Amino acid sequence: MNSIFSMSRKDVITFLIFSAVVLLMPIWLQPFGAAYPDLMQKFAIFGILAIGFNILFGLTGYLSFGHAAFLGAGSYAAVWTFKLFSMNPIPALIFAVIIAGLFALAIGYVSLRRSGIYFSILTLAFAQMSYNLAYSVLTPVTYGETGLQLALDDPRIADAAFGGGSDVALPVSNLFGMVNMNGIPGFYFCAIFLIIGFFITQRIFASPFGMMLRAIKSNQNRMSYTGFNTRPYTLTAFVISGMYAGLAGGLMAVTDPLAGAERMQWTASGEIVLMTILGGVGTLIGPVVGAWLIKYFENIFSSFNENVLHNLFAFLPEGIEKFVVEVTSMFVGEGWHLTLGLVFVLVVTFLPGGMMEGYRRIVDMFQKKDDGDGKASTKSDAATAPAE
Amino acid sequence: MSERKDGPSRRKVLKGAAAGLVTAGVAPTILTSSAFGQEYRNKPTGDTVTLGFNVPQTGPYADEGADELRAYELAVEHLNGEGDGGMLNTMQPSNLKGNGILGKKVAYVTGDTQTKSDAARASAKRMIEKDGALMITGGSSSGVAVAVQSLCQEMGTIFMAGLTHSNDTTGKDKRRYGFRHFFNAYMSGAALGPVLADEYGTERRAYHLTADYNWGWTQEESMKNATEALGWQTAEAVKTPVGAGDFSQYITPVLNSGADVLILNHYGRDMVNSLTQAVQFGLRDKQVNGKDFQIVVPLFSRLMAQGAGDNIKGILGSTNWNWKLQDEGSQAFVKSFGAKYGAPPSMAAHTCYVQALLYADACERAGTFYPVEVIKALEGHKFDGMGNGPTEYRAEDHQCFKDVLVVRGNDNPTSQFDLLNVVQQVPRSQVEYDASIFGGDLGPYEV
Amino acid sequence: MDAIFLQFLNGLDKGGAYALIALGLTLVFGTLGVVNFAHGTLFMLGAFCAVTLRKLLTLEQVVLDTENLTAWGTATEIRTPYVEAWFGDFGTMLVDYSVPASILLAIPVMLVVGVAMERGLIKHFYRRPHAEQILVTFGLAIVLQEIVKHYFGANPIPQPMPAAFAGAADIGAALGMEPNVIVYPWWRLVYFGFSIVVIGAVFAFLQFTTFGMVVRAGMADRETVGLIGIDIDKRFTAMFGIAAIVAGMAGVMYTPLLPPDYHLGMDFLVLSFVVVVVGGMGSLPGAVAAGFLLGILQSLASMTEVKAIIPGIDQIIIYLVAVVILLVRPRGLMGRRGVMES
């Protein structure tokens, strides 16, 4: 018991800072134009997703390329709970996590018989099968292309029994009829789960179980030669990270009651992988940072149209202004993909280990400057040189 | 992008966090009070009114989205009294004065739907929550239209759909806050049927290849109903995966099926690929049952026709609008669009332009931006001079009823834009249907 | 029976395309140990070599006709391709054969692209974790395809095949069966033949040249080959170039079947990885065999008779086969122990 609740001082500080950063999002995101409810909800939700993915990938080294399947399963489970049972998010989330966990158990049980890229392709195959079927023949359950949505004539047994909800308007997910789950309250609802999820991950990273997973990552063969069966451990990690994905999917449905098949497509799985690597695999905070960065690009960079740019650069002389707008418009608006691609290439080339590596280097630089003068500066030069 | 991440020492971060915590309790109340202090969301208070244009900018429909955006920019220009005014001059009745909407200058924000429901909803939410958009419009697929429309219902924001052809948009998934000017799969079937009978006779066996998702199914069903009513038989209807790329495995069975017509219920790239490949299999040179084999593409667009190249020649289909129409409204629109961009508008551009103008006009007639009143002004509104003859926004399902064009791939194009010829302008009466046949429920005015 | 035969033909030409892409991917995996998520993009770039050549060949002389105005009031344009104006009939023929002629353009272009990619970026990633290779090559793929989108737009661009190969061959009649029952497009037959030739050439090159021998030795045991004093790196760079050429040529020849757009590479990316892994990591014959196997099974699964028994089977057949094969044979059809297993 002791090992679960005793945290190192460093962990406590990290946790407190992380919680503060998440809870203060509505303030510090203002200058970045990102402090509106939907994007902050997405930040929290995709943070949970990336943290969960990192438990599998960061600790065991197993690269799942089908994690979006659990996200989708969680969403479908949550929306069906809304439709059939109640608009309260709690049962929906419980159900989402359970369904995603069972789904992960089944897929993980089969896929973990193989390792390396064979494992990746197995998870990819399962996810793509889920997506293709959800989009087409499973339409009676998933509503295919148009997505699973709430309807006025849904039974909602529990709500009906307690006489909640109106007969005219579509209901909004709410906590015991008190707090509606859209807007800022929805964000805080998600943020609390992100913080809890972060805490649990921190504990897993520091626990013997986490050490075991790391040992499996560093040399699975040696582990199995000693007669040690690694599979229960990897499967546990797989299911836990699937449940995180299910929770994220459930929260997506809570804040916005729609579940679409595209959530399961390989591109969605790939996005999770990219978030994690971009931020820093195996670090606690890295995946969250990666998730925020990608979602920020997707939502904010894509919104800069030429009109906005013209206003932005209006202070420049006309000829230069036109040129600057033309060049920048290649990278924002409809060109936001290009910027994202460039960021991937640059970050991974110059910062192996992702954004967290960059952070570490900067911290190193400052600390060494504190140490002394001449010696430290040569060291930090070496540290910033591109790794090859 | 990493401005914040190059954080200073831990102590500084801690200090900042402590300072932030003090304000944390205050912040949410500030944000929520500004959202609920109004009588409706995003009520314009300054001298501008912001519209949100949500179009695909990445992904397979990016070109269509770019054309939609061009149309919106033109519409904004015209509404603000710049340019030659376009359809503002031909619209009947019109309350637009070229001084913005209700005297407020029109501003706009844009977003990328990526042709994905989640992304489209996220960017619509961004425009509503952050940019203060009063109305959302655009899109290039029914999945997106249905998803954004239901979001807008929840948010109490009017949604003027762009290109969406599924029966569901104004059928089982219709919403009080959603409006569609574009035609739908049922109308395609009803318009094409009689023309097909004229051209190919009433004794035909049709083979359907259908994109395996909601739109494809409604399209197939509508075409089946229309052709079977003429006396055609349906040899087979096969579902194909979306984005299959190579359709050869679905086309070969057509060869010996005894069918003499192939109906491709595909759109976008699927349609470009399946049509190209079907022609390569020599289907159009075949004789079956003593008749020439024919291919029909129920939903056509010029951009798709471009992708299919020569394979489109002589093929029948339907469209919402074509730039070669000779009526006054279409001509005015083509003239100002062509003068500004050097190319004629696509049908997606047309429907988006018209939707923007119709919304603005409804606000003027309602005398307010209050969505409930604007909705009431749009419901049952009859207008003319916008390209498809006399048109009505039916109150029961928010679907526009107007003439539908049956077109044929042009055998001798005079320019790269001259790809489709209008065969017949099918009158509105022939494509009308009872609003109740597709079910659905509009929902309440007040949300 | 005819139907099955036709589907078999479909499988062969589809399989040819899969095999060609997987072949290049395996060359890069096997020699360099790099997970190249930009490989599909190389296929797309090849296809756009064909688009570019055709654009160049059909560059038009534009004469403004001020007598006739367009609907928006500007002068209409009368366009005549320069090539036709200059070379007459030969020019016309050149335009007609632009797709096969593009191979001549694609070979040098793809070689340069491949070598530049390897030297400029990928060589820094040989010793980095696979995850980082994925991120960098995926980023590169996005950048490349966005550049193509910027210049060519997002719409597919049709590339007609030479007129002589348009239409379909009556194979049934040629085999002495009833005419008009087994017909198959000429260009698909050409594509199948082309893929066999290219696959054969790659194998012959690896089998019968000293260069190929060294590369094969390097694939089996890179370190030992390095120890005996052979500069294996240079050869591996060349292999990357060859893989790019193979992918590019496959893309060129595919354009008449599938009008290319900038997103083409991503559509083939997942599929090509599945093919390579089903074939077995690092095995060239495995990649080819898996390509044809999946192509044929996919065609057969699309038959109405099959779909009637298992609805939606054609949607998932590729993945289903991949799962079954990987569970029965741990390293795919012909994979070697220890390659990409950790």
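The model is a predicted one, in which local features need pLDDT of at least 70 and side-chain atom pairs count only at pLDDT 80 or more, whereas totals for chains, interfaces and linings use all residues. Residues are numbered from 1 along each chain as its sequence is written, and chains are lettered from A in the order in which they are written.

S1(C) runs antiparallel to strand S2 (residues 75-81) of chain C, to which seven bridges join it, pairing being assigned if DSSP finds at least two bridges between two strands. Strands are DSSP runs of E with at least two residues, and helices are runs of H or I with at least four, numbered from the N terminus. The two strands form a hairpin with five residues between them, and C:Gly73 in the turn has a positive phi of about 90°. C:Leu69 stands opposite C:Ala75 in S2(C).

The contact of chain A with chain C takes 38 residues from chain A and 34 residues from chain C, two residues being in contact if their C-beta atoms, placed from the backbone, lie within 7 Å. On the side of chain A that touches chain C, helix H7 (116-135), helix H14 (266-279) and helix H18 (336-350) each supply at least two residues, and H7(A) gives the most, with eleven residues.
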